[in-house]
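Subject: The structure, and what turned up in it

Hi,

Here is the structure I promised to pass on.

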Amino acid sequence: MRKPLIAGNWKMNGSRASIKELLDGIKAGIDEVKTAEVAVCPPFVYLADVQQQLSGTPIAWGGQNLSTEEKGAFTGEIAASMLLDFGCKYVIVGHSERRTLYGEDDAVVAVKYGVARQAGLKPILCIGETLEEREKGITEDVIARQLNAVIEKEGVAALGDGVIAYEPVWAIGTGKTATPEQAQAVHGFIRNLIADKDAAVAEQVRIQYGGSMNAANAAELLSMPDIDGGLIGGASLKAEDFLTICRAAG
Ligand code: PEP
């Protein structure tokens, strides 16, 4: 049985004060989350605060990005070892905002996946099609290309060390959620693509849905057989909404 993972991607939001309030709220309700694993991904500068506030709780934390490099003259970058230094378990790689706004292509994302994994972090690999790509009927081609970039570089077994987040770009931050059937169709496609190469990895790997998942629609999405949790943006910034999603995952 795959344990669902609900992860909050806070993006570039929050302050030391608001994060304390948010984490106090999540911690107060975490005992009611029976099955799901829960994680939050704050902006880098708040990792020390988050580590201090979440150590000893069942809630994990992670980075939103990492450098392809180990160390050195890379101004503004954050290395995998630095994330580990602050107790991170996860790191998001290839979020669509990194791909579109910061030019990260499949090759860069594959390198980041490998760097994270080899350092001992669990990469959350984001993949997903744009609206234009969906309307052209090439969703599966796009998903296969994004996934195969990692498989070709790292090998299919590497997917077992991470998590996949299917995030249709048209659903991120837009309030437009994929229907459970639309999401399940792509999740099933992803699992089959992996199963063609390694059935055991396909069975084991968690595939989260991301894209305007919220307290109202989470239960239905999470009831689908190949949806193993959620990567949550906006709704992860409100403790009660985030907890409702976590409880919906079990
Ligand atoms: C995300 O950024 O990964 C995301 C899913 O955002 P939202 O939930 O706000 O659509």
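Buried residues account for 54% of the 250 residues in the protein. Keep in mind that this is a predicted model, and that goes for everything that follows.

On overall size, the C-alpha trace spans about 45 × 45 × 35 Å along its principal axes. The radius of gyration is 17 Å, which agrees with the value near 18 Å that a compact globule of 250 residues would have. As for secondary structure, you'll find eleven helices and eight strands.

Now for the helix pairs. I went through three of them.

Start with helix 1, residues 16–29, and helix 2, residues 47–54. Their axes are 11 Å apart and the packing angle is about 25°. Angles under 35 degrees count as roughly parallel, so helix 1 is roughly parallel to helix 2. The crossing of helix 1 past helix 2 is right-handed. If you want to see the contact on screen, pick Arg16, Ile19, Lys20, Leu23 and Lys27 on helix 1, then Asp49, Val50, Gln53 and Leu54 on helix 2. Sorted by class, the contact of helix 1 with helix 2 has four nonpolar residues, one polar and four charged.

Helix 1 also packs against helix 11, which covers residues 239–248. Here the angle is about 35° and the axes lie 9 Å apart. Helix 1 passes helix 11 in a right-handed crossing. On the helix 1 side the contact uses Leu22, Gly25, Ile26 and Gly29, and on the helix 11 side Ala239, Phe242 and Leu243. What classes do the residues in the contact of helix 1 with helix 11 fall into? Five are nonpolar and two polar, with no charged residues.

The crossing of helix 7 past helix 8 is right-handed. Helix 7 brings Thr139, Glu140, Ile143, Ala144, Leu147, Asn148 and Ile151 to the contact, while helix 8 brings Val186, Phe189, Ile190, Leu193 and Ile194. By class, the contact of helix 7 with helix 8 comes to nine nonpolar residues, two polar and one charged.

Lysine 11 has a positive phi, near 50°, and is a residue other than glycine. You'll find lysine 11 in the loop between strand 1 (5–9) and helix 1. Serine 212 isn't a glycine either, yet its phi is positive at about 55°. Serine 212 sits in the loop between strand 7 (206–210) and helix 10 (218–222). Is serine 212 buried or exposed? Buried: its relative accessible area is 17%, and the cut-off for buried is under 20%.

Cheers

Key
Residues numbered from 1 in each chain as written. Predicted model: local features only at pLDDT ≥ 70, side-chain atom pairs only at ≥ 80, totals over all residues. Heavy atoms only, no water. Axes fitted to C-alpha atoms, helices over the stretch in contact; angles between N-to-C directions. Helix = DSSP H or I, 4+ residues; strand = E, 2+ residues; numbered from the N terminus. Parallel < 35°, antiparallel > 145°, perpendicular 65-115°, else oblique. Left-handed = near helix turned anticlockwise from the far one by under 90°. Contact = heavy atoms within 4.5 Å. Nonpolar A, V, L, I, M, F, W, Y, C, P; charged D, E, K, R; others polar. Rg over C-alpha atoms; globule rule 2.2 N^0.38 Å. Buried < 20%, exposed > 50% of the residue type's maximum accessible area, 1.4 Å probe, protein only.
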